[in-house]
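Let's take a look inside a protein model together.

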Amino acid sequence: MKEKYQDCLEDYIFTPEEKLVRFSLIWTWPFYFIGALYILAPVVGWSLFFFMIARMYMQTPDRPQHQQALIPIGVWVWIAGMLAMELALIVAHVDFGLGIPQMIKSSIGWAKGWALLAVFPAIGAGLQIRPSVIYRATCIIALHALLLMPILFFSYIVNLPSQLYVSPLQIVGGPGPEFFSVTLYNIDATTGAPRWRFFTPWAPAAGFIANVYFIFAIQEKSRRWRWIGIIGWTMVAILSKSRLALIVIVFSWPLTIVFSNMRRPIVAFSGAGAIAFAGLVANFLMDAYFAALETFTAARPESSRVRATLGRIAVNRWQTEAPIWGHGIVERGPHLVEFMPIGSHHSWYGLLYVKGIMGFAALAIPLLFSLVEFLVKSQTSSLCRVALCLILIIGFYTFAENLEILTYLIWPCLIVVGAAIREPYSSYKNGHPEKPYCC
């Protein structure tokens, strides 16, 4: 009974850095309404990063190792990768003679985008922010979303203006006005049906965030908050009407359960049986795959066409104009692709076009390193199982979104990834492998 009381008490005791993270998350909707979400993540990230550096400098050798601020090897891989991004940016600007002012502007963009993919994991590992704080906070955001959904529905039914206003904070600069605008709903240009983007710049991004926060919700210890989070983020994924979001939210966690139990004989035998069965029905499975792919494309054919064309343009110009270091900056495409930026809607095509093969490797290597690390650690650690799922979700979305400009939304996920990187390769509790709260 005493231990249970102590666990409950710890839920309400926060370190200063946890208070900042919790405050920033719980107030997501108010920050969105004033157009400050895009600014919030870089401010929180770099503030906590320099705070962590100061703590590392001031800590004494007699401080217990588990309380020390340190940066594990897995985080250094991300830091090296994101520094390589900046190097590619500088070289490309020099190659194409873009000038010092443009280089400074692009470097500021790097600090607000790609750099955060290393900054937040470093914070999660160095400051040891408890993932449970993030889990609960994202469930609270889900409650706010559920409370606002009737208003968002009503606004579409009575035909209120879809966009209310663009925040004057746009003056600080960003990828576009959609990052500072407050909207009630959006109308799909192809189907004419409504879509809701909630506090994100576009509807598929809302599906991305819903998938990440859904994983957090199923880890929440409180049954009440857990179901609020599960229902809330499932509704967000559905209302975003993102095809990928609906697929990932169904398959990401079960896939993670399989990967994180590979040491169990039953999984190995089941896998062998599944492979043997797949060999017998290979033709049927291939037909089903192509039928599903055709259905997926037909759901929003214009979107699929634009995405495919943007990818072909990006790859062609990367191969013929700037294969090593890329073009340095984003360029708008022709009317054929509705003037969308070349390489957008796809992190890998975008990296090849803007930062060349150097930028491609700078993201691929850290992602693969973390994937392998969490595959190993997830066999015994519940936190690494969550991180493995998050890396899988990020990996899926690199083929549908530009990861750089959505980093300001997925930063809680990166903190959890950093905390998992700090986990030892064998995590045992009472002599047995630690299992996740929700399997």
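This is a predicted model: local features need pLDDT of at least 70, side-chain atom pairs count only at pLDDT 80 or more; totals for chains, interfaces and linings use all residues.

**Helices H10 and H11**

- Start with H10, which covers residues 223–240, and H11, which covers residues 243–259.
- Their axes sit 7 Å apart, at an angle of about 150°.
- Angles over 145 degrees count as roughly antiparallel, so H10 is roughly antiparallel to H11.
- If you want the handedness too, H10 and H11 cross in a left-handed way.
- On the H10 side, the contact uses Trp233, Thr234, Ala237, Ile238 and Ser240, and on the H11 side you'll find Ala245, Leu246 and Ile249.
- Sorted by class, the residues of this H10 and H11 contact are six nonpolar and two polar, with no charged ones.

**Helices H7 and H17**

- Next up is H7 (residues 116–126), which packs against H17 at an angle of about 30°, with the axes 6 Å apart.
- Angles under 35 degrees count as roughly parallel, so H7 is roughly parallel to H17.
- The crossing of H7 and H17 is right-handed.
- H7 brings Leu116, Leu117, Phe120, Pro121, Gly124, Ala125 and Gly126 to the contact, while H17 brings Leu403, Thr407, Trp411, Leu414, Ile415, Gly418, Ala419 and Arg422.
- The H7 and H17 contact residues split into ten nonpolar, four polar and one charged.

**The largest cavity**

- How many cavities of 30 Å³ or more are there? The count comes to three.
- The largest cavity has a volume of about 80 Å³.
- Its lining includes Ser24, Thr28, Phe199, Tyr213 and Trp411.
- Which helix gives the most to the lining of the largest cavity? That's H17, with four residues.
- Helices H2 (16–26), H4 (37–58) and H17 (403–422) each supply at least two residues of that lining.
- The lining of the largest cavity is made up of nine nonpolar and two polar residues, and no charged ones.

**The second largest cavity**

- The second largest cavity holds about 50 Å³ of space.
- Among the residues lining the second largest cavity are Tyr32, Gly35, Glu178, Ser181, Arg197 and Pro201.
- By class, the second largest cavity is lined by seven nonpolar, three polar and two charged residues.

Conventions:
Residues are numbered from 1 along each chain as its sequence is written. Side-chain values use heavy atoms; hydrogens and water are left out. Axes are lines fitted to C-alpha atoms, for helices over the stretch in contact, and angles run from 0 to 180 degrees between N-to-C directions. Angles under 35 degrees count as roughly parallel, over 145 as roughly antiparallel, 65 to 115 as roughly perpendicular and the rest as oblique. A crossing is left-handed if the near helix is turned anticlockwise from the far one by less than a right angle, and right-handed if clockwise. Contact means heavy atoms within 4.5 Å. Ala, Val, Leu, Ile, Met, Phe, Trp, Tyr, Cys and Pro count as nonpolar, Asp, Glu, Lys and Arg as charged, and the others, Gly among them, as polar. On a 1 Å grid over the protein atoms alone, a cavity is a set of points where a 1.4 Å probe fits but cannot get out, and a pocket is an open set with protein on both sides within 12 Å along at least five of seven lines; lining residues have an atom within 4 Å of a point. Grid points are joined across faces, edges and corners, and a volume is the space filled by probe spheres set on the points.
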